[in-house]
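User: I would like to learn how to read a few features of a protein model. Can we take them one by one?
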Amino acid sequence: MLYRDGIHDDTLALQALLDACGIIMLDRPGTYLVSKTLIIHSNTRLVMAPGVKLLAAPMSRCALIENEHFAGGGRDHDIEIVGGIFDGNCDAMGLDAVYEAKHRLDDPYSPALFKGKLMRFAHIDRIVLEKLTVKDPVSYGIQIGDVRGFVTRDLFFDYNHHFGTTDGVHINGPARDGVIENLCGTTNDDMVALTTYDEPHAEVSIGDIENVYIHNITAKNGYSGIRLLSGEDCSMCHVRVDGLYGDYRHNGIVISNHNSRPGKVWFDGIVLENIRARKSYTPLGEDCFRYWEKNADKRAIIQFEGGARCGNVVIRDVYRHEEQGTDSALIKMSADTTVDRLVLENLHQTAAEGAALSFLEIDAEIGELVEK
């Protein structure tokens, strides 16, 4: 029996439906209370009608859903989740946001460790997540690692900003052949993050990332739009960003090894195009997590940092308009960054009358620079 009232526990009934595999329909609107992680199996398509919400029960401190072999010991394949609201109910977990941020590195990753990931999937071939609303996680909204063939599209992020490190879609390597498109809303960390490795508490897998298309990402008063992060002797190749819009307190796009872990930091075949991003001047409210806001106003729209080592990089069709002056450059490449071949094409920025803007701050070592 499914209660759908947000009061009585629907976990066992929902799990019984998922255990049947195949096509599963939740077509009756309501709030389905979940007190234990739901497990979705291979060859399953879960479809939820408008008005269906899966709500994390107070003090449950677990992911809402994960695949059967998330913890390893095998692989899953052909999983789809369409529709629905996934609500992490972060304020009902009895956690202190600042304490969690300061101590997030204390414990190494284990599948049983709760670090706030709302939907998590790993060791999987072919996964599709579309037409979802992801609401109020303690940490990442969606985490996918060790994946071959993935699509996340038409997602809305509705975060209350009470916690930090709240990415939207977070991909851990090894990962290949993916599409991330039509994402909007607000998160209190990266809307999209591709990471060949991760911080220890979240490192479900580690490896190369290649062949990923990121399209049409929009945020209002976002943290950062897209982060590409590589290191630990891994590479990130053939990543195309096509369409980034909105306003961001930190960066529109950042490419880095920001945690300074040793090893090769290699990016190649990176294309950043059709960027229409600007800085946000809207501070977070007193009830929001603001631990990492220091000097956010100085971060560039497109920023390379942390010793990034790059092969071919193309940045084209970039435009921003600022309503006031800012210390944020359009493109910034730090002195410890190298790029073998950099193409800059059709870059523009404007500002309100009398406002000063920085254009290019490139201190990196560039092998060949092509400007069009």
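**Reading the model, feature by feature**

Analyst: Asp-317 is placed in strand β21, which covers residues 309–322. Keep in mind that this is a predicted model.

User: Is Asp-317 buried, exposed or partly exposed?

Analyst: The general idea for strands comes first. Side chains in a regular strand alternate between the two faces of the sheet. Here, Asp-317 has a relative accessibility of 23%, so the residue counts as partly exposed, the limit for buried being under 20%.

User: Which residues does Asp-317 touch, apart from those up to four places away in sequence?

Analyst: The contacts of Asp-317 are Glu-273, Asn-274, Ile-275, Arg-276, Glu-345 and Asn-346. For Glu-345, the separation from Asp-317 is 28 residues in sequence, and the C-alpha atoms are 6.4 Å apart.

User: How do I read strand pairing, and how many bridges join β12 to β13?

Analyst: Look at the bridge count and the direction. Strand β13 (residues 169–186) runs parallel to β12, with 14 bridges joining them; within this pairing, Val-151 has Val-179 as its bridge partner. Strand β12 itself spans residues 142–158 and is joined to β10 (residues 119–130) by ten bridges, again in parallel. Ile-127 is bridged to Phe-150 of β12. Strand β11 (residues 133–135) also pairs with β12 in the parallel sense, through three bridges, and Thr-133 has Phe-156 as its partner in β12.

User: What about a helix? Which residues of α1 are buried?

Analyst: An α-helix has 3.6 residues a turn, so residues three or four places apart point the same way. In α1 (residues 11–19), the buried residues are Thr-11, Ala-13, Leu-14, Gln-15 and Leu-18. They pack against six strands given here with their ranges: β1 (5–9), β2 (22–26), β3 (30–34), β4 (38–40), β5 (44–48) and β6 (52–56). After α1 comes Cys-21, which has a positive phi, near 60 degrees.

User: How many disulfides are there in the whole structure?

Analyst: A disulfide is a covalent bond between the sulfur atoms of two cysteines. The search of the whole structure finds zero disulfides. Cys-234 is in none, and its nearest cysteine sulfur, on Cys-237, is 11 Å away. Cys-237 is likewise in no disulfide, the nearest cysteine sulfur being that of Cys-310, 10 Å away. For comparison, the cut-off for a disulfide is within 2.5 Å. Cys-234 counts as buried, at 8% relative accessibility, and so does Cys-237, at 14%.

User: How is a pocket read, and what is the volume of the second largest pocket?

Analyst: Rolling a probe the size of a water molecule over the atoms shows where empty space is left. The second largest pocket has a volume of about 210 Å³. Its lining is made of 18 residues, and those nearest its centre are Glu-100, Arg-104, Lys-115, Val-138 and Ser-139. By type, the lining holds eight nonpolar, five polar and five charged residues.

Terms used
Residues numbered from 1 in each chain as written. Predicted model: local features only at pLDDT ≥ 70, side-chain atom pairs only at ≥ 80, totals over all residues. Heavy atoms only, no water. 1 Å grid on protein atoms, 1.4 Å probe; cavity = no way out; pocket = protein on both sides within 12 Å on 5 of 7 lines; lining within 4 Å. Points joined across faces, edges and corners; volume = space filled by probe spheres on them. Nonpolar A, V, L, I, M, F, W, Y, C, P; charged D, E, K, R; others polar. Pairing = 2+ DSSP bridges. Helix = DSSP H or I, 4+ residues; strand = E, 2+ residues; numbered from the N terminus. Buried < 20%, exposed > 50% of the residue type's maximum accessible area, 1.4 Å probe, protein only. Contact = heavy atoms within 4.5 Å.
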